[in-house]
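We will go stop by stop, selecting as we go.

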Amino acid sequence: MPREGRTGLVVPVPAADEALAPLVERYPQAVREGVPAHLSVLYPFLAAEDLDTGVVTTLRTLFDRQPPLRVVLERCHRRGGFVYLLPDPIDPLRELTEAVRRHWPELVPYEGRYDVLEPHVTVAMGAEEGTAAAMRREVAESVPLTVELDEAWLVVSRQRWQLHERFAFRGQ
């Protein structure tokens, strides 16, 4: 669980939650509890105490310009105990992260811990190798999955992830 007061900007992917539900039942130790399926736009974002009306207004303006997106989660990937789905096309999601970072250039995705990190839907983190391999095989049977992305969420960690604000994609 992230530190108390951490925040993130995510794009929820409810259709992926539905598709991944059987895995949550079979591998509860490997799937993050309390976090719906999502594509991260920027994590960590600002500290919770820095979320003021100016921040929310800037985000609302930015996301208002974003048209809804249709992506396909076509293949399941695995790196060690990390199992994930990559969206196609991926560029609009990269551009969304960069648009946010133009307003807050000091914020680095995942605090720079990873050399290259593509927008992705996390299936499992820190799973044992055998479990991760089995999960990847099972997820591979559930894709491709075409999903509509039409909003972003600002979430805050307060003992668990909580929705702070929703931003609809309204662009044409």
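Select Y110. At 15% relative accessibility, Y110 counts as buried (buried is under 20% relative accessible area, exposed over 50%, partly exposed in between, with a 1.4 Å probe and protein chains only). Y110 sits in the loop between α3 and β5. Helices (H or I, at least four residues) and strands (E, at least two) are DSSP runs, numbered from the N terminus. Check the backbone too: Y110 has a positive phi of about 55°, although it is not a glycine.

A word on what you are viewing. This is a predicted model, where local features need pLDDT of at least 70 and side-chain atom pairs count only at pLDDT 80 or more, while totals for chains, interfaces and linings use all residues. Residues are numbered from 1 along each chain as its sequence is written, and side-chain values use heavy atoms, with hydrogens and water left out.

**Aromatic rings**

Which way do the two rings meet: stacked, edge-to-face or tilted? The ring centres of Y43 and Y110 are 5.8 Å apart and the planes stand at 55°, so the pair is tilted. Rings of Phe, Tyr and Trp (its six-membered ring) pair if their centres lie within 6.5 Å; planes under 30 degrees apart count as stacked, over 60 as edge-to-face and the rest as tilted. This pair links distant parts of the chain, 67 residues apart: Y43 lies in the loop between β2 (38–42) and α2 (53–64), Y110 in the loop between α3 (91–103) and β5 (121–124). Both Y43 and Y110 are buried.

Ring pairs link Y43, Y110 and W161 into a cluster. A search of the whole structure finds six aromatic pairs.

A cis peptide bond joins Y43 and P44, with omega about -10°. P44 is in the loop between β2 and α2.

Jump to V143 and P144. The peptide bond from V143 to P144 is also cis, with omega near 15°. Look for P144 in the loop between α4 and β6.

Then pick Q159. Is Q159 buried or exposed? At 73% relative accessibility, Q159 counts as exposed. Its phi is near 70°, a positive value in a residue other than glycine. Q159 belongs to the loop between β7 (151–157) and β8 (161–168).

**The cores**

Select F45, L59, F63, V100 and L149. These residues have the most contacts inside the largest nonpolar core, which has 51 residues. A nonpolar core is a set of buried Ala, Val, Leu, Ile, Met, Phe, Trp, Tyr and Cys residues joined through side-chain atoms within 4.5 Å. The largest share of this core, five residues, comes from α2. A second, separate core of six residues includes V10, Y110, W153 and W161.

Show the surroundings of F45. Leaving aside neighbours within four places in sequence, F45 is in contact with residues including T7, L51, L59, V100, W104 and L154 (contact means heavy atoms within 4.5 Å).

Next, L39 in strand β2. L39 is buried, with a relative accessible area of 1%. Not counting residues up to four places away in sequence, L39 touches V10, V11, V13, P87, L93, P119, H120, V121 and L149.

Select residues 14–26, helix α1. The 13 residues should span 18 Å at 1.5 Å a residue, and the end C-alpha atoms are 19 Å apart, which agrees. The expected span is 1.5 Å times one less than the number of residues. Centre on L20: α1 bends by about 50° there, and a proline, P22, follows within four residues. The bend is the angle between axes fitted to the seven residues ending at a residue and the seven starting there.

Colour A16, L20 and L23, which are buried in α1. The buried residues of α1 pack against β3 (69–79), β5, α4 and β6 (145–149).

Move to T131 in helix α4 (residues 129–140). T131 is buried, with a relative accessible area of 17%. Beyond residues up to four places away in sequence, T131 touches Y27, Q29 and A30.

**Zoom out**

Show the whole chain. There are four helices and eight strands. Of the 172 residues, 48% count as buried. Among contacts between residues at least 6 apart in sequence, 78% join residues at least 24 apart.
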